[in-house]
Amino acid sequence: MLTHVWIIPLIPALSFVAILAFGKKLPKKGSEIGIASVAICLVLAVTTGIGWINRVNHPPESAHGEAAAATLEGHEAEATAEADHTPADATDQATTEDDHATEATASEDAHATEDAHEASGEAGATEDEGHGTEATSEGDHGEAAAGGEEHAEGEEEHHVTPPVQRNVTWFETGDVTIKAGTLVDGLSALMLVIVTFISLLVHVFSTDYVGGDRRETHYFAFLSLFTAAMLFYVISDNTLQMVVGWELVGLCSFGLIGHWWEEKNNSDAALKAFLTNRVGDIGLLIGVSILYFAAGHSFDVLKLNTMANAGEIRHSLLLIGSLCLITAVMSKSGQFILHTWLPDAMAGPTPVSALIHAATMVVAGIYLVARNYGVFFNGLSIGTANVNALAVVGCVTLLFGAFLAFVQTDIKKVLAYSTVSQLGYMVAALGVGAWTAAIFHLFTHAIFKACLFLGSGSLAHHIHSFDMKKDMGGMRKRMPITHATFVIGTLALMGFPLITAGFWSKDEILAGAHMLGGDGGYKFAVIMGLLGAVCTCAYMTRAYYYVFMGEPRGKSAEHELHENGPRITVPLMILAAGSIVVGYANLPEKVFGIGVPESLSLRFEHFIEPTGVYFPSADNNFSHPEFVPWIALVSALAIIIGAGSAYLWYWKGKGPHGITQRNKLARGGYKVLENKYYLDWLYTDVIVGFIKGPFARATNWFNQNILDGIVNAVGKGARQVGGFVYNRIDQGVVDTVVNASGSGAELTGQGASKFQTGKVQAYAAYLFLGATILAAIFVVVAS
Amino acid sequence: MKDLLNGWGITAAVFLPLVGALVMLAIPKSEETLHKVVALVTSLAVFVVGAALLWDFDYDHTAVLQYAQDKSWIELINARYQVGLDGISLPLLALTVLVVPLVIIYSWDHFPEPHNPKAFLMLILVLETGMIGTFAAQDLLLFFVFFELVLLPMYFMIGVWGGEQRKYASLKFFLYTAFGSALMIVSILAVYFLSPEITSGAQAGMHSFSIPYLSEWGGAGLAKTTALVVFGGFFMGFGIKVPMFPFHTWLPDAHTQAPTQGSVILAAVLLKLGTYGFVRIAIPILPEGAEKWAPVIGGLAVIGIIYGALGCLAQTDMKRLIAFSSVAHMGYVMLGIATLTPFGTNAAIFGMVAHGLITGMLFFIAGSVKDRFHTLEIKRLGGLLLQAPRMGWLLGFSVMASLGLPGLAGFWGEFPAILSAYQPAEGLNVALFRVFMVIAALGTVFAAGYLLWLLQRVAFGTPTEEFEDEHIHDMHLTDYIAWTPMVVLIVVLGIFPGLIFKVTNQAVVHALAGIGG
């Protein structure tokens, strides 16, 4: 399966076509195709994951042997064990490839030869493969070796599991061959599982939630397309393909946000999402271009990052490249100041918000950084600095996003800003060098946030409103399953100690901020992260109060509310269970001094974190944080402070209520939050308004009056000169032309008026005469 | 078969339409159906010839002229009937032979006022001869003749079947391009006289118009300023045709006033004559001049990208908006050419084909909207997805393709052009081109802006009161037939860009041989 992952995105892609083609004629409006395809994908994704775990446990023989030596000696040999694209020196590579060839099965023979070609580093070799031959690097060694090898536990920590890369020629330009291919390592295998898992649950949830919708078929078609695009994105082995996937998920997001496009608000939100992302894409396009040239005319991710880690790319290039890509991350992953589209994206159906705008698509930016961590780590000097752009963006976002969640009355908006804030944690984690923590948090967040979003959908399913203050309240008893799952999701989001997934992942991020980086670590990130945790607990407690406590208000009072059917509650229960269980995937080695058995600790890090030269190593100052007891205690304290103060405020009515009326400063602050820091106003009214309005109109005026004015004036002048020439010039010349065109005019029946054609002839004659004279003069002068 | 193609393939493709037009001349005007059939059969025959040429083409040697013919024509000045196809002209020829029959099919029940299918279809066929001839010609004078031949039918098409301001628009179109042509012929004559005489063979002692011959010469021994000025003539001729800012003002008028068929052909093929001229003639013959002019071309290209986009945002008419978008899109093509790199030029040719298909589609849809609603004023439209869902979805599709969505054809003209601007050919100002790159990348945001805004206003929402109760007919059979191939190609080329890059690459590398050396 590891070499055939390309099948996984293909299935939902076909499903998309199938649903569009005959979804409407099916009894379930095409949802059955969608569900079936995603279910198959999930199975295949899990198979891929298991294949990968096997591969880590029993790494391919030759690679293992090489790597054991390589970790001591340095990178070059390791690179050769790695994949066929690493720019190690040719002789080393050739020997390794020989090893491959000896153990290769018949089908791999071709590829071994191919590797040899590439190793010899000749451009000519690429020509051979220009006709669709497939280059498989590594093949299924994992399974092949699965037979008898036993590895001592201690050795496991050091061995290198090469990623599985497979590619074909996409196109050639100049003497560069651009390839398309797949890359499977722990990271992409994990993403495959997350995406298909959440997608399947969302599909099931949707069959009830959007059942009977006016555009049910299109809805499921887009879900399939989204799943395909996202899967395509995560298995890409080169940045160009990532750009393709990146934009396609954006398209699906656009389509689904604007699902009910009859209302202008929805289509506005869709446009806003697409355009804001396009702004970030400027950075993506430029960043990818820079890195393409930096890696010596290649989009290959492995090659790029290997070169970055080995110091073969100028630092300034890496820095600029990663800064450009950060812009892209800011838009796609909703980082402060380009986050404004994400809350508006809640205009789409709620399951879409869960899948696309919380669990999967918005982490595309995180994935971009994680995938190209060699570039970012070295470009931003993450390992040695105390501050860098990525960490700052993340920290500002996690805090500012959390503030905004306070003033929302719409439950989905609360969750949206919470997503912004949590994505900030992930970016900050990557910024401080805590790679595993970031991905772990991505994983846990995907599950508990999907749980919360689907929960809010379940709440609103009957009342068709997300307004907590006006239309909810007292939902606790009336929807017990939704309530229970929502509480678990909330606790996980708060990071309730020891039992929830959110605790373990968030704690790792904070520990990373404390321990990693140059001397003193990323202090500001620790502080902001803790503050963010306080805020998170407070706003979630507030949301809980409004939704579940008190008496029903507004629409929820008018409706006979009852719990939803199994197609809604079962996904909720699964996700709630996940919100607890997945936290144990990456227990630290020691918790409060108590050792965790080796077979249970750091499993995530062990299987997911890439090994090998395409990932930063100790030589690049990359290291891992450990469990820090005081941070765990402080973050537990943060929960108590946050949740406790919200409890006192809402339940007990304590605290300075009404301060926003009394105090100018508080009122001002509240207003700023209410207006979302005025960013929307700045973007929509000031910038876009100016460009769309006065600026565009001015340009058009310039076009019509200045440029066209000149053209018309020239035309008029020419007409006068032409008239002059027409009257004076030898009639024979003009006559011929006029006659010719006269017959042409008759041919058309109606014809432009004689007067007009006459003019044309005059100009034409004049121009050509002038041209001939000019040419004559010119040739005489030039020669 | 092969011999036949080698000997007569190109000639057949070029002159078959003319034969068809002559046949139609003999048929009385009232026999409308017969005219339609003859025109369609002719264009399909040309398509078959084109397909055979495509089929038989040797894709391993795309830099070599294939199906080449070299017959004497005007012996006195050694202008020859020299034709041939290589990797640069082949995709454009394919585009032409495809688009013309589609346009004829689309016309079937959609003849614009004042009707008269006979004259209309004859003009389209004459136009086809001109277009194919331009792409096939390997002799400068022959090229020029075909290049100019295109002008007349289009002039009449706009002037007779156009909108309210057709006279102004058609005249402007004709004069503006004729003006460029005038300067171009100066340059053609200049390279004719300035290049060395042929030294051997039957034509020894004569100057030559042969494009391969002149490309091989590559302006060797020419004074720098001479190369600069001669290239300037080509620049004006081709640049106006493209059209490049600030010579673009004929385009929105011509497009807006032209009948749908005219707009489609104009966008799909005619604009490419200019960009093709750069790649085929101006750059290979005068590489030194090209290097000098590249910053100017690149600069005007990126100005065009932003300027065209702003122009689009200000438009209130759907068709005029699409017309303006051509200015922006051709900006990417010209930026790719200006880098003088293989990647950039490959992207430019890809961009030409992609723009032809995509903008052609947009004009088709605009034409059908006009046909149903009798207006293209954006604020009067709305809710197209409700009234004519298929058309609405296709508009969405085309808009996405047009804004350069990866996975569809538009992307491969756009992104590689931006990418290659990061590192233009040796000797060009790198810093300047990187500024161009950033501006071009910014242009992608603008493109998304005006296109999606158009989509939102036309397709989303609900119909305006005016058309609320009107029954709007969704796609006709002719629409299905005419649009399907274009949609399919937009998707296929988007997924397999190699289909075009593979054809153009060697030829482009060959054409750029003189750059940086």
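**Reading a hairpin, a buried residue and a chain contact**

Modeller: In the hairpin of β2(A) and β3(A), two residues lie between the strands, and A:Gly174 takes a positive phi near 60 degrees. This is a predicted model, in which local features need pLDDT of at least 70, side-chain atom pairs count only at pLDDT 80 or more, and totals for chains, interfaces and linings use all residues. Residues are numbered from 1 along each chain as its sequence is written, and chains are lettered from A and ligands numbered from 1 in the order in which they are written.

Colleague: In which sense do β2(A) and β3(A) pair?

Modeller: Strands are DSSP runs of E, at least two residues, and helices runs of H or I, at least four, numbered from the N terminus. Two strands pair if DSSP finds at least two bridges between them. Here β2 (residues 164–173) and β3 of chain A are antiparallel, over nine bridges. A:Thr173 stands opposite A:Val176 in β3(A).

Colleague: Why is β3(A) described as largely enclosed by the rest of the structure?

Modeller: A residue is buried if 20 or more other C-beta atoms, placed from the backbone, lie within 10 Å of its own, exposed if 12 or fewer, and partly exposed in between. Seven of the nine residues of β3(A) (176–184) are buried, so the strand is largely enclosed.

Colleague: How many residues does each chain bring to the contact between A and B?

Modeller: Residues are in contact if their C-beta atoms, placed from the backbone, lie within 7 Å. Chain B brings 62 residues and chain A 61. On the side of chain B, α7(B) gives the largest share, 15 residues.

How values were computed:
Two residues are in contact if their C-beta atoms, placed from the backbone, lie within 7 Å.
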